[in-house]
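Take a look at the model below. Then read on for a short tour.

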Amino acid sequence: MSARGKARRRALDILFEAEARSQDPLAVLAERLERAEPPVNEYTATLVEGVCRHRARIDELITTYAEGWTLDRMPAVDRNLLRGGTYELLWMPDVPEGVVISEWVGLASELSTDESPQFVNGLMARFKQLKPSLAL
């Protein structure tokens with residue numbers, strides 16, 4: 001797994017843990033940075049901070065385009081995969097879109113349900129298609 005791939009997974013771990021503990025992801029990130037065991041990659045921090053900064057818009061997009069699914073009905077892992085992937089896809093123009101989608105779908109394959117990779121891929125592909133018209 002690439003350094004950025006590991007950073008994405010670590011960001012997902014932090015987002016998921018924060019939700020499970022009903023804590024602010026930035027507080028969980030700060031704990032991990034302070035503990036530094038294992039060290040937190042700078043890209044991990046960028047992803048978590050970006051998701052937090054744009055969370056309302058990200059959740060609005062997911063809610064709008066996830067046909068037949070509400071955020072509350074989604075598995076927590078999928079919800080946080082989509083948050084991380086959506087942030088990276090829409091707000092980090094230096095990362096190739098195909099790489100972003102592939103990496104987050106790979107995490108879905110590894111960590112979530114059998115249906116999750118297809119769901120994550122479909123929604124992120126839709127965001128890629130709509131990106132030029134989305135007000136970010």
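Predicted model: local features only at pLDDT ≥ 70, side-chain atom pairs only at ≥ 80, totals over all residues.

Planes under 30 degrees apart count as stacked.

## A pair across the chain

A search of the whole structure finds three aromatic pairs. In one of them, the ring centres of Tyr65 and Phe127 are 5.9 Å apart. Their planes lie at 85°, so this pair is edge-to-face.

This pair links distant parts of the chain. Tyr65 belongs to helix α4 (residues 55–65) and Phe127 to helix α7 (residues 116–130), 62 residues apart. Phe127 is buried, at 0% relative accessibility. Tyr65 is partly exposed, at 26%.

## The whole chain

The chain has seven helices and zero strands. Its radius of gyration is 14 Å, close to the 14 Å that the globule rule gives for 136 residues, so the chain is as compact as a globular protein of that length. The C-alpha atoms fill a box of roughly 40 × 30 × 30 Å along the principal axes.

Of the 136 residues, 43% are buried. Among contacts with a separation of 6 or more, 68% join residues 24 or more positions apart.

## Surface and charge

The accessible surface is about 7,000 Å². Carbon and sulfur atoms account for 51% of that surface. The chain carries 17 positive and 21 negative charges, and their mean positions are 2 Å apart.

Note on methods. Residues numbered from 1 in each chain as written. Heavy atoms only, no water. Helix = DSSP H or I, 4+ residues; strand = E, 2+ residues; numbered from the N terminus. Rg over C-alpha atoms; globule rule 2.2 N^0.38 Å. Buried < 20%, exposed > 50% of the residue type's maximum accessible area, 1.4 Å probe, protein only. Contact = heavy atoms within 4.5 Å. Areas by Shrake-Rupley, 256 points an atom, 1.4 Å probe, with all protein chains shown as cover. Lys, Arg positive; Asp, Glu negative; His and termini not counted. Charge placed at Lys NZ, Arg CZ, Asp CG, Glu CD. Phe/Tyr/Trp six-rings, centres within 6.5 Å; stacked < 30°, edge-to-face > 60°.
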